[in-house]
Amino acid sequence: MESNSIENCSEKLNSSAHKNSTKLSLFEDLDSCPSDCESGVSGGENEQFPLFDIGLIRIQEKEMIYKTIETKLVSSLSSYVNNLQVQAIHRSDYSNLMNRAKFQSFCIYSKALEIKNGGNANVKYAWFGASKNEIDRIIRHGFGFPTNNPTQGHGVYLSPADHPIGSMRSAEPDENGLRHMLLCRVILGNAEVISPGSTQYNPSSEEFDSGVDNPASPQKYIVWTSRMNTHILPDFVVSFRASSY
């Protein structure tokens, strides 16, 4: 029965991979693998991203997804940033064979953790900020080296969708003054609290799947190095300008 659930997820993904869709339940808990996977699969009709020589699809400003992401980012950073202006938003091209494989793998892991944790994989959206070159490498090859100066364990640090300031500080301006952040789906599963100064590399027991700094009001998600390319799925690249913060 459990294996059938995972197989059904894969089948639904494959059957929907060629459909165009603009429906996406952004910034909500994502607890259904098949329906959510279907919503994220889009065609490649828009222009390619000129700043990155990789397969990203540009989202037009009139699209609801663009407006939703823009509004969320601007409102979440309004207390920290002056004059933030979103310049472009691009999504991963899931019509690409390898990207579809990554997407399918993420979907299967999501379903596996849903089964493991009694029906909730705890999939959320989260931000990851970096330099233009690092984001280019992640889109091409996946996450490589984790945080250089780990403060709470060795892994990839991401910011919750409604608190992106930590990731924005890591978004270094490029040669044109643009900053870039990834908006990713993240499988958190059962997250354990990781204390400052921890040197942890993996979950402390089979009960846990990821880390968090504060479960009541999280500002940091920690995905362990061993799971960074199965439990994190970069969905969008958001490019913006900010005068000061």
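**Strand S3 and its surroundings**

Tutor: Let's begin with a pairing: S3 and strand S4, residues 155–160, pair in the antiparallel sense over two bridges. Keep in mind that this is a predicted model.

Student: Which residue stands opposite Ser159 in S4?
Tutor: That is Trp127.

Student: And how many bridges join S3 to strand S5?
Tutor: Eight bridges join S3 to S5, which covers residues 179–187, and the two strands run antiparallel. Val123 of that pairing stands opposite Ile187 in S5.

Student: What holds paired strands together in general?
Tutor: Strands of a sheet pair through backbone hydrogen bonds, either parallel or antiparallel.

Student: OK, is S3 largely enclosed or open, and why?
Tutor: Largely enclosed by the rest of the structure, because eight of the eight residues in S3 (residues 123–130) are buried. Both faces are covered: one side has Val123, Tyr125, Trp127 and Gly129, and the other has Lys124, Ala126, Phe128 and Ala130.

Student: Which helices lie across S3?
Tutor: H4 lies across S3, S5 and S9, at about 45° to S5. Helix H5, residues 132–141, lies across S1, S3, S5 and S9, at about 35° to S5.

Student: Zooming out, what is the strand order in the sheet?
Tutor: It is an open sheet of nine strands with mixed pairing, in the order S1-S2-S9-S5-S3-S4-S8-S7-S6. The edge strands are S1 (56–58) and S6 (191–193), each pairing on one side only. From one strand to the next, the twist averages 35°.

Student: How do S4 and S8 pair?
Tutor: In the antiparallel sense, over four bridges, with S8 spanning residues 221–224. There, Gly155 stands opposite Trp224.

Student: New topic: is Asp235 buried or exposed?
Tutor: Asp235 counts as buried because its relative accessibility is 4%, and the cut-off for buried is under 20%. Asp235 lies in strand S9, residues 232–241.

Student: What is Asp235 in contact with?
Tutor: Leaving aside neighbours within four places in sequence, its contacts include His90, Arg91, Tyr125 and Arg185.

Student: Last one: where does Ala121 lie?
Tutor: Ala121 lies in the loop between helix H4 (97–116) and S3. At 1% relative accessibility, Ala121 counts as buried. Beyond neighbours within four places in sequence, Ala121 is in contact with residues including Ser110, Leu113 and Ile187.

Notes:
Residues are numbered from 1 along each chain as its sequence is written. This is a predicted model: local features need pLDDT of at least 70, side-chain atom pairs count only at pLDDT 80 or more; totals for chains, interfaces and linings use all residues. Side-chain values use heavy atoms; hydrogens and water are left out. Buried means under 20% relative accessible area, exposed over 50%, partly exposed in between (1.4 Å probe, protein chains only). Two strands pair if DSSP finds at least two bridges between them. Contact means heavy atoms within 4.5 Å. Axes are lines fitted to C-alpha atoms, for helices over the stretch in contact, and angles run from 0 to 180 degrees between N-to-C directions.
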